[in-house]
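I'll jot down what I look up as I go.

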Amino acid sequence: MDAYPEEELYDLITYCIQNPNASDFESKKHRVQEIGKELYSDGGVDAMENIFYPIEFRIKEEIGKEARPYRSWWNDISKEEWKY
């Protein structure tokens, strides 16, 4: 996978953190879940972790918010390995 999904994921999660009551929140959440499924099919849980981990730090540093709760949006992708 290239860097584009990481940037898209960063933008989506940042948007959801900053706009929890937006009318398009659910569509953004759905796209985050789709990205997780794409990552899982390409590289398993390692790929998911490798993209989410730096996003957590970047969001914390750039907007001062916590992205960790959004990891749970990927819980249904890998029922055994990804549980947040």
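First, a term I need: buried means under 20% relative accessible area, exposed means over 50%, and partly exposed is in between, with a 1.4 Å probe and protein chains only. By that rule P5 is buried, because its relative accessible area is 9%.

Ground rules before I go on. This is a predicted model, in which local features need pLDDT of at least 70 and side-chain atom pairs count only at pLDDT 80 or more, while totals for chains, interfaces and linings use all residues. Residues are numbered from 1 along each chain as its sequence is written, and side-chain values use heavy atoms, with hydrogens and water left out.

**Entry: the two helices**

I looked up helix α1, residues 4–18, and helix α2, residues 25–63. Helices here are DSSP runs (H or I, at least four residues), strands are E runs of at least two, and the numbering starts from the N terminus. Two packed helices are described by the angle between their axes and the distance between the axes. For α1 and α2, the axes come within 7 Å and cross at roughly 60°. That makes α1 oblique to α2. On this scale, angles under 35 degrees are roughly parallel, over 145 roughly antiparallel, 65 to 115 roughly perpendicular, and the rest oblique. The axes are lines fitted to C-alpha atoms, for helices over the stretch in contact, and the angles run from 0 to 180 degrees between N-to-C directions.

I also noted that α1 and α2 make a right-handed crossing. Right-handed means the near helix is turned clockwise from the far one by less than a right angle, left-handed anticlockwise. What sort of residues make up the contact of α1 with α2? I get 17 nonpolar, 2 polar and 8 charged. For the record, Ala, Val, Leu, Ile, Met, Phe, Trp, Tyr, Cys and Pro count as nonpolar, Asp, Glu, Lys and Arg as charged, and the others, Gly among them, as polar.

**Entry: P5 and I51**

P5 sits in helix α1. Which residues does P5 contact, leaving aside neighbours within four places in sequence? I find I35 and I51, where contact means heavy atoms within 4.5 Å. I51 belongs to helix α2 and is buried too, at 7% relative accessible area. Beyond four places in sequence, I51 touches P5, E6, L9, L39 and W74.

**Entry: Y10**

Another one from helix α1 is Y10. Buried or exposed, I asked of Y10? Y10 is buried, because its relative accessibility is 8%. Setting aside neighbours within four places, Y10 is in contact with I55, R58, I59 and E62. I also checked Y10 against V32: they are 22 residues apart along the chain, and their C-alpha atoms are separated by 9.4 Å.

E56 lies in helix α2 and is buried, with 7% relative accessible area. A polar contact of 3.4 Å joins its side chain to that of R68. Such a contact is a pair of N or O atoms within 3.5 Å; within protein, one must be able to donate a hydrogen and the other to accept it, and residues adjacent in sequence count only if both atoms are side-chain atoms. Not counting residues up to four places away, E56 touches E66, A67, R68 and R71.

R71 is buried, at 1% relative accessible area. Its contacts beyond four places in sequence are E49, F52, Y53, E56, W82 and Y84. S72 is also in the segment after α2, but S72 counts as partly exposed, at 30%.
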